[in-house]
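Hi,

Here is the structure I promised to pass on.

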Amino acid sequence: MQFAFRAPITMLADEYVAKTAAAHRRSEVLRRSARQVSVMEPETAGVVPMWIYDRVSLALLAANDAALAACGYARDELHALTLHRLVPGARSSAEAATIGTARLRRRDGTIADVELCASVALDYEGRPARLELFRELTDAASGLPDRAALQNGAPGEITGTTLLLVRIVWTAGASQRTETARRRAERAAAEAIGRVVPADATLARYAENTFAIRVQGGRARAALALAKRLLAAFERPIADGDDEISGTPSIGIAAGGTDRAAQLRDAEAALAHAVASRTGVQLYDADVARRHERYVTIDRNLRHAVLDGRVSIMFQPIVSLGSREVVAAEALMRWDCPGLGPVPPAEFIAVAEESRAILRLGEWVLREACAQNRRWQRAGLPPIRMTVNVSARQLAHPDFMRQISGILESTSLAAEHLEIELTGPSMTSQDDQSRRTLAAVRRLGTRIAIDEFGTGYSSLRDLGALPIDTLKLARPFVGELGSDRFATEAARAAVRLAHLRGIRVVAVGVENAEHLDALRAMECDEAQGFLLGAPMTGEAFAARLKDEGSRRRGGKP
């Protein structure tokens, strides 16, 4: 039946919504949507699905084109439809009208998760009726239901189920450079996962590059078998239109339970551990629970760490292997967490990266390190490089270049006395914006170092393409110098190639004389490690610089 709904809809917006404003917190949503719909008229078929049904019989009385499209029915089939058929389990108007999520049965029998956005009672053509607005819980990037489909619903619905969270980390490639490409990648990942999961599973997009799978059955063994198949699905590149992309999944599993929020929380904890430990798959258990509790404590306290005054900086000397004098200092963060005590830097920095607290912490370290270097210079100590670790997240921030120039200006430190240090993997996986930022930083005069060279994706072939001034050999290389022939020859080749390109080489983790002798033999430029000096306070570092200056002057004070 065709109908002109302009008058009833206008009346609904102006009168019925006003009457039910106290009872319906989302009435403003309804008011805005209803005004736009004139949507119930065929010529203006809006994007907000709406229907009106009889509150007693639940027979559908009217629907706009968007609602019919969502259900898969033609308008001439409208008269035969009831809410019982469209929303399985709806037994009364009260049940059907609950704001939240519901399962919508389409004409072809498939089930879609939808969210009821607004609902209001009214009289329609002399019948007690209800008008409802809803939306499909589908993510535009992946074409999957979004996370709301997992978070809402009756607790009993998850009894005997298992939840898997799958996060994909894409390797560097041209396909990851634009937002359109990232959307294509997510859709390709969703299709790859969809080919593996059981037909009765719920698959949803949980977050960026993260997918949720809820399967029937609470057995851990079956979930681990599914996780194994998911890992196998990404062992080879997956098709992305005419391109191919490669990614590595990490999977967190929460088996069983009856509480929806708790199951999601447990799966998130397991996923966080799988990502941090690089194990690929992690099943939630008591050990994961303890570690997650520690993670949450660290995350919560990191947000106030700078204001609380519990963050400090230590400085480790970097020594020239030619002059045997200190030529640089690496700024190293230290943190005393309330309730936990000192936390290893690798642990709390990883948490800071996840929570974005690294942006605030990183800026603070840059500012304090530059200010300390300038204080040493004003005290008459020889100028040295200050090396500060910078995360890929900091580098990708649009204000990073302005931050660097602002800090140098406010501390009066010359740009050549600052060196920012990035890890090998983060250097080789940069997007175009990050590369432009690095180029601008170098034009400023600030130096760029690549840390942990020889790990992750960094290799000798990267040296020609990377805009760097300093290469820092990773600890695994240095630790095996003299005892492992392959490590020694690989380090020698890296030093030789770096020198050909005018790049300084610093060896990290020098702990004995054998390391030192091997590095001098291959003409490595500088070294850093406990043999040459442990991390120390700014005052202790100044004393060392002063002592070296005295020795250069022949022992004169």
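After α13 comes Gly380, with a positive phi near 85°. Helices here are DSSP runs of H or I with at least four residues, strands are E runs of at least two, and both are numbered from the N terminus.

Before you read on: this is a predicted model, where local features need pLDDT of at least 70 and side-chain atom pairs count only at pLDDT 80 or more, while totals for chains, interfaces and linings use all residues. Residues are numbered from 1 along each chain as its sequence is written, and side-chain values use heavy atoms, with hydrogens and water left out.

On the whole protein: it has 21 helices and 21 strands, and 49% of its 557 residues are buried. Buried means under 20% relative accessible area, exposed over 50%, and partly exposed in between (1.4 Å probe, protein chains only). Of the contacts (heavy atoms within 4.5 Å) between residues at least 6 apart in sequence, 63% join residues at least 24 apart.

Now the aromatics. The search of the whole structure turned up five aromatic pairs. Rings of Phe, Tyr and Trp (its six-membered ring) pair if their centres lie within 6.5 Å; planes under 30 degrees apart are stacked, over 60 edge-to-face, the rest tilted. One of the pairs is Trp51 with Phe134, tilted, at 4.8 Å centre to centre and 45° between the planes. Trp51 sits in strand β1 and Phe134 in strand β5, so this pair ties together parts 83 residues apart in sequence. Both Trp51 and Phe134 are buried.

Phe315 and Phe541 make an edge-to-face pair, 6.5 Å between centres and 65° between planes. Phe315 is in strand β13 and Phe541 in helix α21, so the pair links parts 226 residues apart in sequence. Phe315 counts as buried because its relative accessibility is 4%; Phe541 does too, at 1%. Together with Trp376, Phe315 and Phe541 form one aromatic cluster.

Last stop, Thr470 in strand β19 (residues 470–473). What does its side chain make polar contacts with? The side chain of Glu419, at 2.6 Å, and that of Arg504, at 2.7 Å. A polar contact is a pair of N or O atoms within 3.5 Å; within protein, one must be able to donate a hydrogen and the other to accept it, and residues adjacent in sequence count only if both atoms are side-chain atoms. Thr470 is buried, because its relative accessibility is 0%.

Cheers
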